[in-house]
Amino acid sequence: MKAVAAPINNKEKPQKSRFWTTFIRNKYLYMMSLPFVVWVFIFSYYPLWGWTMAFQKYKPGKSFGEQKWVGLEHFRYLFNDDTFYLVMRNTLAMSFMGIIAGFAVPIVFAILLNEVRHMAFKRFAQTVSYLPHFVSWVVVAGIVTKLLSGENGAVNEFLMWLGLINEPIQFMAKGEWFWGIVTVSDVWKETGWNTIIYLAAIAGIGPELYEAAKVDGASRIRQIWHITLPGIRTTIIILLIMSIGHLVSIGFEKQFLLGNNMVGDYSKVLDLYSLEYGLQMSRYSFGTAINMFNSVVSLILLFTANGLFKKFTKESIM
């Protein structure tokens with residue numbers, strides 16, 4: 001009788017063994033990332049403990065066990081407050097306008113800059129365009145207010161010089177124009193900085209693709225449509241998903257600095273509502289409830305947008 005050879009064990013190493021092998025091989029990379037992990041935990045995850053204040057009638061000076069629990073009382077008040085729906089309207093309106101304008105303009109500007117062949121002018125235009133990013137909103141608001149002023153404002157003076165108007169327009173007193181003013185100001189301030197990301201993505205496209213397109217007789221427009229835009233598609237989708245995730249988290253600096261009592265119904269946003277009706281009135285639990293609502297909605301929007309893009313375009317950030 002012939003001896004039967006023992007089967008060769010081709011099983012892979014246990015998962016645990018592979019993990020430790022990878023960990024030891026990349027131990028220096030893990031050590032370099034450790035400070036950032038600690039930073040994220042301290043400033044992003046540990047503060048989530050404060051969400052418990054949204055379910056309490058928080059009183060400063062009392063310990064956690066001495067606080068009075070009120071359940072969903074603050075959320076019921078929030079959803080029954082007419083001001084909440086007003087600020088949500090303003091927040092969503094300015095968010096959508098910001099996504100449409102602030103997302104499309106940098107892409108177009110990056111493509112136009114990429115097509116410039118005069119390198120000195122290209123560097124000059126790029127430098128000038130991203131400098132406003134480093135200017136604080138306090139300064140930007142002052143510039144915008146001065147330009148749109150009804151008394152010797154540059155915009156009014158120019159329109160009157162062209163003969164389009166006979167008397168100055170009070171731009172900053174018209175609530176229906178406030179959303180547009182904020183959107184244009186934000187686009188002017190951030191377009192150059194956001195363009196850097198798309199220029200970096202365009203730089204990663206192989207030049208041989210453009211050479212092949214030229215040989216086939218493709219025009220500059222055809223090259224942009226069939227090479228440049230598909231080449232930066234992943235970058236566009238990732239940034240769009242992140243923008244959708246911040247749909248209700250647009251901050252309050254622009255609205256606070258550019259707003260006034262005459263446009264109050266159009267300038268109040270969710271974060272400003274939390275500041276005025278929460279912290280300034282010492283209603284810490286109510287302010288926490290607003291911010292908790294803000295964070296949960298942002299998280300839902302992020303996962304929803306990521307899931308939809310992953311399903312239809314096979315692109316995602318998670």
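## Basis

Residues are numbered from 1 along each chain as its sequence is written, and side-chain values use heavy atoms, with hydrogens and water left out. In this predicted model, local features need pLDDT of at least 70 and side-chain atom pairs count only at pLDDT 80 or more, while totals for chains, interfaces and linings use all residues.

## Helix α4

Helix α4 covers residues 82–115 (helices are DSSP runs of H or I, at least four residues, numbered from the N terminus). Its 34 residues should span 50 Å at 1.5 Å a residue, and its end C-alpha atoms are 50 Å apart, in agreement; the expected span is 1.5 Å times one less than the number of residues.

## α4 against α14

Helix α14 (residues 270–279) packs with α4 at about 145°, the axes being 8 Å apart (axes are lines fitted to C-alpha atoms over the stretch in contact; angles run from 0 to 180 degrees between N-to-C directions). Thr83, Phe84, Val87, Met88 and Thr91 of α4 make the contact with Leu270, Tyr273 and Tyr277 of α14 (heavy atoms within 4.5 Å).

## α6 against α8

Helix α6 (residues 137–147) and helix α8 (residues 178–203) pack at about 125°, with axes 11 Å apart. That makes α6 oblique to α8 (angles under 35 degrees count as roughly parallel, over 145 as roughly antiparallel, 65 to 115 as roughly perpendicular and the rest as oblique).

From α6, Trp137, Val140 and Val144 meet Ile181, Ser185, Asp186, Trp188 and Lys189 in α8.

Key: Helix = DSSP H or I, 4+ residues; strand = E, 2+ residues; numbered from the N terminus.
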